Amino acid sequence: MKLKLSVIGCGYLGATHAACMSSLGFTVVGVDTDANKVAMLANGELPFYEPELDALLAQEIKTGRLSFTTDFSAVQDADVHFICVGTPQSSNSLAADLTYVNSAVTQLAPYLKAGAIVVGKSTVPVGTADALREQLSLSAPQADLAWNPEFLREGFAIEDTLRPNRLVVGVTNDRAESVLKEVYEPLLSAGVPWIRADLPTAELVKVAANSFLATKISFINAMAEVCEAAGGDVTVLAQAIGYDPRIGNKFLQAGIGFGGGCLPKDIRAFMARAEELGAMQALEFLREVDAINLRARQRVIDVVREELGEDLTKFRIAILGTTFKPDSDDVRDSPALDIAVQLRAAGASVVVHDPKGIEPARKRFPNLEYAQDLTVSIKDSNLLMHLTEWKEYRAIDPSSISHLVKDKIIIDGRNLLDRQLWRAAGWKFRALGRTD
Ligand code: UDX
């Protein structure tokens, strides 16, 4: 008999996990407290944008294997319960807010059958799994707890779930490992590496990986600052160091830095947890990583002032991009949106475009001016800023938009546009980390 699964928390991670597990042939019930979200998912509609996930969701709903509900009692037949709720930054500290994780486990406990395994996927401070295991040993001693961190990138959610680089499972006994091996059998037989760890290590793998990625981006942005001071070009520098396989060329794209629902809050929560553990000195560098990252947003605003002057009130600035990265409609801690808001606060007239992120951005910042149409957003601008690296922006032919703008100045905040092409069309081209 195939195992039955439940997924608690049907946001980005949970909805993806539920649909992907269903596509492997499991019966999956997704539970979320948000009735609107559940209604949409149950109807085969995705409440956010992720390439190809809408089609997979609709297809799996049709099979009858995948269902969604707000009712926790629907999980009582399940053998394995994946906790996929959010762990946002607390409102009053750098630490992660564990309210949703704790409440998911509390609400699940009365419905756990004998031998059931609760598997945490949410990103949590190290030590959380041990504490939850303790809690379950009182409220549901018939069940077990394991940790299986997720590494999915927005824009590649299906790929990263069904063909991950590795599977990491934190377990305290062989049975939990063998049940999880049964769940992931199709992935294992396709050659995905399997790493068994203890609970704290499994929790740490996730934050260590995200800290490393954040450090790589801030490293190249620090080099960009030095290049600016020294008259160098960070794009050439990144290319040159990236050929060394020990360094590698990924995550060395200098620009306005990282954002999103993971990297910024994960490095902060990691620092907060290290402090509690008395190990803060080891993570002191992450403070700098965070500071370099936030400084990149200010540096691009400095370039705007160099071009337009200190008084921005007379100028219209067109911003290309609101999301924190392309192929996503996620605007959480988006550098692009932050910069748009800051320029607007400085008095500039700002109009923002994005292929998918306008509505989520409008919800957060209703007072910004938005344009669905690229041409409309660019019209009469004094300055164009490329802040999210959507491929449609790289496809813009600068000569075909020259007649629309007042001044032909572009700042490439992602170092991905073809500088030659823009200059050949008569544009002044500025970027971070390149003095030329
Ligand atoms: C990240 C991790 O990559 C993923 O493994 C984890 O599970 C969740 O967090 P995601 O938040 O989707 O995934 O974003 P990611 O692709 O890592 O990009 C993060 C940010 O860094 C984006 O704002 C991106 O624009 C920026 N970035 C990325 C750079 O500025 N330069 C780079 O070279 C790479």
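**Reading the sheet and the cavities**

Author: Let us begin with a pairing: strand 1 and strand 4 (residues 80–83) run parallel and are joined by 4 bridges, where strands are DSSP runs of E of at least two residues, helices are DSSP runs of H or I of at least four residues, both numbered from the N terminus, and two strands pair if DSSP finds at least two bridges between them. This is a predicted model, in which local features need pLDDT of at least 70 and side-chain atom pairs count only at pLDDT 80 or more, while totals for chains, interfaces and linings use all residues. Residues are numbered from 1 along each chain as its sequence is written, and side-chain values use heavy atoms, with hydrogens and water left out.

Reader: Which residue in strand 4 is the bridge partner of V7, and which residue in strand 5 is the bridge partner of F82?

Author: V7 has F82 as its bridge partner in strand 4, and F82 in turn has V119 as its bridge partner in strand 5. Strand 4 and strand 5 pair in the parallel sense over 4 bridges, and the chain passes between them through helix 4 (residues 99–108) in a right-handed β-α-β crossover; right-handed here means that, with the strands pointing away from the viewer, the path from the first strand over the helix to the second runs clockwise.

Reader: What stands opposite V119 in strand 6?

Author: Opposite V119 stands A146, and strand 5 is joined to strand 6 (residues 144–147) by 4 bridges, the two strands running parallel. Strand 5, helix 5 (residues 128–139) and strand 6 form a right-handed β-α-β unit. Turning back to strand 1, this strand also pairs in the parallel sense with strand 2 (residues 27–31), over 5 bridges, with V31 of strand 2 as the bridge partner of I8.

Reader: Are the faces of strand 5 covered or uncovered?

Author: Burial is read from relative accessible area, with buried meaning under 20%, exposed over 50% and partly exposed in between (1.4 Å probe, protein chains only). Strand 5 (residues 117–120) is covered on both faces, I117 and V119 being buried on one side and V118 and G120 on the other, while in strand 1 (residues 4–8) 4 of the 5 residues are buried.

Reader: Which helix gives the most to the lining of the largest cavity?

Author: Helix 11 (residues 263–277) gives the most, with 5 residues, and the residues that line this cavity include T87, V126, V207 and R273. The lining draws at least three residues from each of domain 1 (4–197) and domain 2 (207–289), bounds that come from an automatic or database domain assignment.

Technical notes. On a 1 Å grid over the protein atoms alone, a cavity is a set of points where a 1.4 Å probe fits but cannot get out, and a pocket is an open set with protein on both sides within 12 Å along at least five of seven lines; lining residues have an atom within 4 Å of a point.
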